[in-house]
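Please examine the structure shown below before reading on.

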Amino acid sequence: MTTALSERDLRGLLRVAEEGLRDEPTGAMPWAALEALCTLVPCDSLVFKELDVTGEQVPVFQTVAGRERQLEFDGAGDSRANSDFWRLRRNFLPCNYPDRTGDLTSVTLWSDFYTARELRSAPMFADLYGPQGHRFSLLVSLPAPFGRTRRMQIWRDGGPDFGERDRLILQLLRPHLHEVYLRSRQQPAEMPRLTRRELEVVRLVAEGLSNAEIARRLFVSVGTVRKHLEHIFDRTGVRTRTEAVELVLPHLVLDPIPAE
């Protein structure tokens with residue numbers, strides 16, 4: 001049976017995109033887009049997050065639950081960044097599906113992977129999500145740099161499971177949510193000029209080097225590297241190393257820095 005959206009649903013889709021594009025930038029998702037989405041797809045809470053799967057870090061964690069808002073960068077104050085979360089997610093099929101398959105376009109429900117009985121037995125649900133009260137989940141992935149995932153997860157703590165209408169809405173919204181996210185991270189003016197050394201730091205960050213490794217390559221102290229990164233963040237308005245790379249790298253033209 002083909003799922004069809006009502007005219008009201010279609011107006012709601014437009015509202016999510018339009019309000020997101022009009023709202024003030026947050027460095028993550030605009031709050032207006034998230035709140036409009038919670039109205040369009042009724043839920044108890046919604047999370048937008050970016051995961052550094054390789055480093056097991058949470059660079060961005062943003063949530064809406066009723067009137068409560070939370071936005072944290074670099075895993076600050078986020079209990080989901082602990083070792084239990086990373087250990088449990090490896091074997092939890094809904095969480096690792098995009099990483100495992102490379103499929104970023106499918107919108108998935110917990111019920112796509114587990115029956116209700118199987119879900120209750122899954123350690124990730126039994127130890128983490130179940131005690132938080134979550135019963136049903138819908139997940140949509142957005143494009144992200146290599147080694148990272150960006151995703152939006154919508155929760156219901158009771159009532160019916162998400163259905164095909166909800167899935168279709170998120171499938172249609174997915175490219176627009178990505179556009180809204182990118183617009184929310186854009187700077188209102190041209191990117192401030194960075195010094196040559198700051199540009200070198202950005203390029204080495206893009207190579208995946210740690211602060212200590214960058215310090216060795218540039219023959220400076222780790223403290224100097226940190227200070228360069230602070231200046232880069234201040235001048236560009238970004239909040240994380242990944243955001244600095246995504247903003248600066250497309251404009252970066254420098255001679256290669258010799259490896260050790």
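## The largest pocket

In this predicted model, 21 residues line the largest pocket. Those nearest its centre are Asp 52, Arg 148, Val 205, Arg 241 and Thr 242. The volume of the largest pocket is about 670 Å³.

Three elements, β2 (57-65), α8 (196-206) and α11 (241-248), each contribute at least two residues to this lining. The greatest contribution comes from α11, which supplies three residues. When the lining is sorted by class, eight residues are nonpolar, eight are polar and five are charged.

## Helices α8 and α11

Two packed helices are described by the angle between their axes and the distance between the axes. Both α8 and α11 supply residues to the pocket lining, and these two helices also pack against each other, at an angle of about 110 degrees and with their axes 9 Å apart. Angles of 65 to 115 degrees count as roughly perpendicular, and α8 and α11 are therefore roughly perpendicular to each other. Their crossing is left-handed.

On the α8 side, the contact involves Leu 199, Val 202, Val 205 and Ala 206; these meet Arg 241, Ala 244, Val 245 and Val 248 of α11. Seven of the contact residues are nonpolar, none is polar and one is charged. Val 205 and Arg 241 take part in this contact and are also among the residues nearest the centre of the largest pocket.

## Helices α8 and α9

A further partner of α8 is helix α9 (residues 211-218); the two pack at an angle of about 130 degrees, and their axes are 10 Å apart. This angle makes α8 oblique to α9. The crossing of α8 and α9 is right-handed.

From α8, the residues in contact are Arg 197, Glu 200, Val 201, Leu 204 and Val 205, while α9 provides Ile 214, Arg 217 and Leu 218. By class, this contact has five nonpolar, no polar and three charged residues.

## Helices α2 and α7

How do the axes of helix α2 (residues 31-40) and helix α7 (residues 164-185) run, and what angle do they form? The axes come within 12 Å of each other and cross at roughly 170 degrees. Angles over 145 degrees count as roughly antiparallel, and α2 and α7 are therefore roughly antiparallel to each other.

In this pair, Ala 33, Leu 37 and Leu 40 of α2 meet Arg 165, Ile 169, Leu 170, Leu 173 and Val 180 of α7. The contact of α2 with α7 contains seven nonpolar residues, no polar residue and one charged residue.

Definitions and conventions:
Residues numbered from 1 in each chain as written. Predicted model: local features only at pLDDT ≥ 70, side-chain atom pairs only at ≥ 80, totals over all residues. Heavy atoms only, no water. 1 Å grid on protein atoms, 1.4 Å probe; cavity = no way out; pocket = protein on both sides within 12 Å on 5 of 7 lines; lining within 4 Å. Points joined across faces, edges and corners; volume = space filled by probe spheres on them. Helix = DSSP H or I, 4+ residues; strand = E, 2+ residues; numbered from the N terminus. Nonpolar A, V, L, I, M, F, W, Y, C, P; charged D, E, K, R; others polar. Axes fitted to C-alpha atoms, helices over the stretch in contact; angles between N-to-C directions. Parallel < 35°, antiparallel > 145°, perpendicular 65-115°, else oblique. Left-handed = near helix turned anticlockwise from the far one by under 90°. Contact = heavy atoms within 4.5 Å.
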